[in-house]
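Reader: I have a structure to look at and would like to go through it step by step. Could you guide me?

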Amino acid sequence: MPLIANTPVPRPGILEIAPYVGGRSKSEPGQRVIKLSSNESGIGPSPKAMEAYAAAAQALHRYPDGGAGELRQAIARRFDVPADRIVCGAGSDEIIYLLTKAYAGPGDEVLFSEHGFLVYAISAHAVGATPVKAPETELKADVDALLAAVTPATKLVYLANPNNPTGTYLAQAEVARLHAGLPAHVVLVLDAAYAEFVGAEDYEAGFKLVAAAQNVVMMRTFSKLYGLAALRLGWAYCPAGIADVLNRLRGPFNVSTAAQVAGVAALGDEAFLEEARRHNDAWRAWLTGRLTQLGLKVTPSVANFLLVRFPDEPGRTAADADNYLTGRGILLRRVEAYGLPQYLRISVGRGDECEAAAAAIADFLRGDHG
Ligand SMILES: *Cc1c(COP(=O)(O)O)cnc(C)c1O
């Protein structure tokens, strides 16, 4: 007789998920909060996107366009890719879940690098697959280590490029080498959530590989540069076969009308996007310089956040700094869950927020916290 539980039991893997804890957004009641914990846009959303969102209120009784047609056309025009190879999702998080569900299950392995984005592991557990981590070298994904970790059970490889929370990236040639070393049935997912912030000449988000291969997907999001995190909007550029699979699996109305219309408007607001990029370049450089001057080690970042190493001495650690800053209403991101307990991640916020955070960190390091 099989043992029958007397309460409902979820499928294997589900209870191994450590629930994702997002960047905090609250401090002491009534205190002004500076939220630099979730890599949101430093300059907010485009005014054109806000207008489109407000206008969508008139038609809240209507179902969305289930195929997100106008949005996919707008993405296709902007990035010069075929619209039928674009699949939109409720954030790129949803696309991660869909890809993992489509291609992995019990007994399969989902591979990513040591400090890779947490949602990859969560999505693997969710389908009963096994998450596998390959070591990084100096906080950077290591192609040889990833390839060495591939087994006959590997079904998907996720590479956040640039990676969160490290802010480091792999050059196009390295990504191509990773792809070339993978068996043809393994899906390589290039998560390019921060692609818009990267200025490096040797970087390529993934368009070229997707166009040339059957097993590469590139994911993008409206949550970071475009400043639309609240709306949950992301997309994937896929080979035809994978687009077909995702379209079968996704909910028929998985992207809201508000997200679709705001996304189209945001894509069209080139001047605003340029300003957001310039803002990030300037304040990322400023914050890197200031924190380095304070004696902290800052991992060189190409994204809209910095990974900062704190001292090991009791009273000056990352956890101590986080407690102190939280008391002053400044919220950074602890990254123990990424295997980086000695670090905090700080997003590039508005200019005055970057200045206030740097000043508070200086006070903390000086020991002015009696
Ligand atoms: C923020 C982020 C995403 C985007 O998530 P959304 O669900 O689109 O908001 C995806 N991947 C990484 C690595 C991220 O940091």
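Author: We shall look at the ligand, then the sheet, and then some backbone details. Please keep in mind that this is a predicted model.

Reader: Which residues surround the ligand?

Author: The shell consists of Gly91, Ser92, Asp93, Phe117, Asn164, Asp191, Ala193, Tyr194, Thr221, Ser223, Lys224 and Arg232. By type, these residues divide into three nonpolar, five polar and four charged.

Reader: And which helix gives the most to that shell?

Author: That is helix H3, residues 91-103, which gives three residues.

Reader: What lies 2.6 Å from a nitrogen atom of the ligand?

Author: A polar side-chain atom of Asp191 is found at that distance. Ser92 has a polar backbone atom 2.6 Å from an oxygen atom of the ligand. For Lys224, a polar side-chain atom lies 3.3 Å from a ligand oxygen atom.

Reader: How much of the ligand does the protein bury?

Author: The protein buries 94% of the 390 Å² that the ligand exposes when taken alone.

Reader: New topic: in what order do the strands of the open sheet come?

Author: The order is E2-E8-E7-E6-E5-E3-E4, seven strands with mixed pairing. At the edges are strand E2 (86-89) and strand E4 (130-134), each of which pairs on one side only. Neighbouring strands are turned against each other by 25° on average, with direction ignored.

Reader: Are E3 and E4 parallel or antiparallel?

Author: Strand E3 (residues 109-113) pairs with E4 in the parallel sense, over five bridges. Within this part of the sheet, Val110 stands opposite Pro131 in E4. In general, strands of a sheet pair through backbone hydrogen bonds.

Reader: Which strands does helix H6 touch?

Author: Helix H6 (residues 172-181) packs on the sheet and touches strand E5 (154-160), strand E6 (187-191) and strand E7 (216-221). The direction of H6 makes about 160° with that of E6.

Reader: Now the backbone. Where is Pro162, and what kind of peptide bond joins it to Asn161?

Author: Pro162 is in the loop between E5 and H6. The bond joining Asn161 and Pro162 is cis, with omega about 0°. Pro165 is also found in the loop between E5 and H6, and the peptide bond from Asn164 to Pro165 is cis, with omega near 15°.

Reader: What is the phi of Ala68?

Author: Ala68 has a positive phi of about 45°, although it is not a glycine. Ala68 is in the loop between helix H1 (47-55) and helix H2 (69-79).

Key: Residues are numbered from 1 along each chain as its sequence is written. This is a predicted model: local features need pLDDT of at least 70, side-chain atom pairs count only at pLDDT 80 or more; totals for chains, interfaces and linings use all residues. Side-chain values use heavy atoms; hydrogens and water are left out. A residue is near a molecule or strand if one of its heavy atoms lies within 4 Å of it. A polar contact is a pair of N or O atoms within 3.5 Å; within protein, one must be able to donate a hydrogen and the other to accept it, and residues adjacent in sequence count only if both atoms are side-chain atoms. Accessible areas come from the Shrake-Rupley method with a 1.4 Å probe; for residues, only the protein chains shown count as cover. Helices (H or I, at least four residues) and strands (E, at least two) are DSSP runs, numbered from the N terminus. Ala, Val, Leu, Ile, Met, Phe, Trp, Tyr, Cys and Pro count as nonpolar, Asp, Glu, Lys and Arg as charged, and the others, Gly among them, as polar. Two strands pair if DSSP finds at least two bridges between them. Axes are lines fitted to C-alpha atoms, for helices over the stretch in contact, and angles run from 0 to 180 degrees between N-to-C directions. Contact means heavy atoms within 4.5 Å.
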